[in-house]
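Here are my notes on the model you sent over. Have it open in your viewer while you read, and work through the points in order.

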Protein chains: 2
Amino acid sequence: MSITKPSLPKGTRDFSPQEMVKRNYIFDTIKTVFRKYGYAEIQTPSMENLGTLTGKYGDEGDKLIFKILNSGDFLGKVDESFLATRNSQLITPKISEKALRYDLTVPFARYVVMHQSEISFPFKRFQVQPVWRADRPQKGRYREFYQCDADVVGSSSLLNEAEFVLIYQEALSNLGLKDFDIKINNRKILTGIAEIIGKPELIVDMTVAIDKLDKIGFEGVTKELLERGFSSADIEKLEPVILLQGSNDEKLESLKAVLASSVVGVKGIEEIETVFEYLKALNPQPSTLNLQIDITLARGLNYYTGCIFEVKTNEVAMGSIGGGGRYDDLTGMFGLKDLTGVGISFGADRIYDVLEELDLFPASAAQGTKVLISNFDTVAEKYALPLLQKLRTVSISSELYPTAAKLKKQMSYADAKNIPYVILIGEEEMKTGFLTLKDMHTGVQEQLTVDEIIGKLIS
Amino acid sequence: MSITKPSLPKGTRDFSPQEMVKRNYIFDTIKTVFRKYGYAEIQTPSMENLGTLTGKYGDEGDKLIFKILNSGDFLGKVDESFLATRNSQLITPKISEKALRYDLTVPFARYVVMHQSEISFPFKRFQVQPVWRADRPQKGRYREFYQCDADVVGSSSLLNEAEFVLIYQEALSNLGLKDFDIKINNRKILTGIAEIIGKPELIVDMTVAIDKLDKIGFEGVTKELLERGFSSADIEKLEPVILLQGSNDEKLESLKAVLASSVVGVKGIEEIETVFEYLKALNPQPSTLNLQIDITLARGLNYYTGCIFEVKTNEVAMGSIGGGGRYDDLTGMFGLKDLTGVGISFGADRIYDVLEELDLFPASAAQGTKVLISNFDTVAEKYALPLLQKLRTVSISSELYPTAAKLKKQMSYADAKNIPYVILIGEEEMKTGFLTLKDMHTGVQEQLTVDEIIGKLIS
């Protein structure tokens, strides 16, 4: 066995105990809200058949899928002259039939189609699992990262959209975020706008351009629209829509005026209005909801067919921390037609960075060891063992330092592990039965009986 | 986009909401016990560099590692004549530099070495993540499955071994298992036995043979030992050891007599005695502990250097549901010498099958939706929305059926999702304010106010 200096594949990460506590805190908070709204967890395998994944993410996406090499003599079956072409792209399907999932959406669609006879629709599922992309790693972009998705398929009710707004609101508030915007748009409104201008075929160009309003301003957008085939007259019609201002109600009124002659556009407005009505009925304090109509929002336009969502925090400079929308033919790719669905996703890695920057993680690492019992010699160790058991019997996470060691060493162990209390057992303690309980944050030491210590630690 | 009839790679599985609740129940129960004993969670990436994994699991193991194809033009860099050999094994490292982890132990060793400067030893970690093996799939053997490991490195104290016995005992009891054996052995005892016979070089042959006692009986073991180079005189000496009977104390006394002249053998006996002493001090009711000395237990002998554990249930015919032991040089493969460790593993998939067969999963799918509100028309829907919000405000997982539908359809939805209660809202209910709460298990219907319903569901 040769000695290898260990390293990690680029774009991948280890998670330390401290990081895991924080990550679990985020995932548990979000999962709890998902469950409260009736979403149930599923998991799918890390590997899918290559045919399940290819062709679903565009040519660029296909290149980013990690393929798994067939086992055994994978080259033996490949034709020799074919191999001689050294055409990686053509040879890949001959030596690889499986790949790592690229997102949770396509495996979910596959799941729904494969299990359609067992599923009672509407099917509300959530899924929190890693995905893999052979992207060039950079700050905040990893080759393995978790996605955190909730979707419902088989229900066209806009109650689902309204509930997703509340799920965002509740989960992010529970994580301690105070100032964030949930943005809503509707693909049908975008279609309507393109119709009104008389350029329905340029909808993608239009949305790509107006999506940049934040960054390049109206002047920049105008320039880009001209380049992309719109006339000055078109842009004149677009201007009031792009520069839409005011409250959500005011925006809806303006849109109604502009889109009056577009059936699909009016439908889009109605859908957003219905979502707002549901929210009014569900949410007694609408003022607490940071929901904003933003018609520049597009997010993978070709995918969504109804409402589109995006969430941004205003407390930290960060891209979107969540997004989603309605799609009308997710499972069509696997032969199950006309199953409508809507879903959202939380950007867990970005939320992690936001909470870290705002110092919002709960100070007490609730899942860690609560108390360390010191170990100075075999007599003290023997004295400590029944105490250790007693603490655990009442479910207090506890450790006895496993060998007799210097106080300093044991204290730095407690420090490094962020253990809030240490019980010190010396000769005096064993004689009197009053043990020393040290609060590691304040440094305060108290002499207490075992029962007093338990009372203190259990509260 | 072509239509693909969806399927799963062989040896992999989807987990449905019902299965996920059960799997989470197992993992959460085990994790809670790990934490109580001071173990903290880490995670490592699914992918490791190929060099980190190869050479660690033997030639057979190396073949079972799933390799990931390099991205981009992976063949462009491979020499043409070399490629023409079509030697899969030689070409693999040229077109693949990453692989999926095969177990959690080697990635853990890599983690410890890479992060040694941040770690405060002894380092007590647990890890629950999937691993992948290109094994031939069969009943109970999958290509993707979860491992569930706890290890401590940097402490030679046998308190760790004693605590692992208690962790097994507590976790399996908490899962509802009543009759299981925790078996303990010590590699040093096996070494001692081989020494006493005068055949230390045949220790592997000896343990492989006596490990089969259960299956082939003493006669079979004798035959195999003769084939493997032992003499009749050797077997005569081995007989009392192989057929060791009686209580743990009696077994230890017999072993002491047999191994008196072997320094290492005596050390092994002392280690087991120390573990028993710790357990006596920790565990006030030793009678509840199903711990048995079993010197036929070997489990990957070349790996372990001290105590060896294995857990078997007696309630269902099933292989071991857990195992582990002490190793003295885990991190040596990555250049960090002399770091001792001990660890155990739970066989989560097998435990799942055992609980299923014994019907031990808690009846209430505690994580699922608690109550479904019916939806018969828009008036009733409107009436229901504030109620829905009220239920969720007090953290009751609840759903409103998202569209008006026939009662039967809504009831079968609740049934399929195992939702225990349904609130029925018809004209009468809206008039009186007394809603109908149906208990889906008993079929009993009650007329209750909203507050009465909340009181009932929250308890």
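1. Start in chain B, with helix α8 (residues 187-197) and helix α12 (residues 248-259), which pack at an angle of about 40° with their axes 10 Å apart. That makes α8(B) oblique to α12(B), and their crossing is left-handed. The labels: helices (H or I, at least four residues) and strands (E, at least two) are DSSP runs, numbered from the N terminus. Axes are lines fitted to C-alpha atoms, for helices over the stretch in contact, and angles run from 0 to 180 degrees between N-to-C directions. Angles under 35 degrees count as roughly parallel, over 145 as roughly antiparallel, 65 to 115 as roughly perpendicular and the rest as oblique. A crossing is left-handed if the near helix is turned anticlockwise from the far one by less than a right angle, and right-handed if clockwise.

2. Before going further, some ground rules: this is a predicted model, where local features need pLDDT of at least 70 and side-chain atom pairs count only at pLDDT 80 or more, while totals for chains, interfaces and linings use all residues. Residues are numbered from 1 along each chain as its sequence is written, chains are lettered from A and ligands numbered from 1 in the order in which they are written, and side-chain values use heavy atoms, with hydrogens and water left out.

3. Now chain A. The axes of α8 (residues 187-197) and α12 (residues 248-259) in chain A come within 10 Å and cross at roughly 40°. That makes α8(A) oblique to α12(A), and the crossing is left-handed.

4. Which way do α10(A) and α11(A) run relative to each other? Their axes, for residues 213-227 and residues 232-242, come within 9 Å and cross at roughly 160°, so the two helices are roughly antiparallel. This crossing is right-handed.

5. Check the backbone too. Most residues other than glycine have a negative phi, and most peptide bonds are trans. A cis peptide bond joins A:Phe121 and A:Pro122, with omega about -5°; A:Pro122 sits in the loop between α6 and β5 (123-132) of chain A. In chain B, a cis bond joins B:Phe121 and B:Pro122, again with omega about -5°. A:Asn418 has a positive phi of about 60° although it is not a glycine, and is found in the loop between α16 (407-416) and β14 (421-424) of chain A.

6. For chain A, the domain assignment (bounds come from an automatic or database assignment) gives domain 1 (10-43 + 103-171 + 345-366), domain 2 (47-100), domain 3 (180-313) and domain 4 (368-458). The C-alpha centres of domains 2 and 3 of chain A lie 41 Å apart.

7. Last, the second largest pocket, with a volume of about 1700 Å³. Of its 48 lining residues, the closest to the centre are A:Arg133, A:Phe145, A:Gln147, A:Arg299 and A:Ser345. (On a 1 Å grid over the protein atoms alone, a pocket is an open set of points where a 1.4 Å probe fits, with protein on both sides within 12 Å along at least five of seven lines; lining residues have an atom within 4 Å of a point. Grid points are joined across faces, edges and corners, and the volume is the space filled by probe spheres set on the points.) The largest share of the lining, six residues, comes from β6(A).
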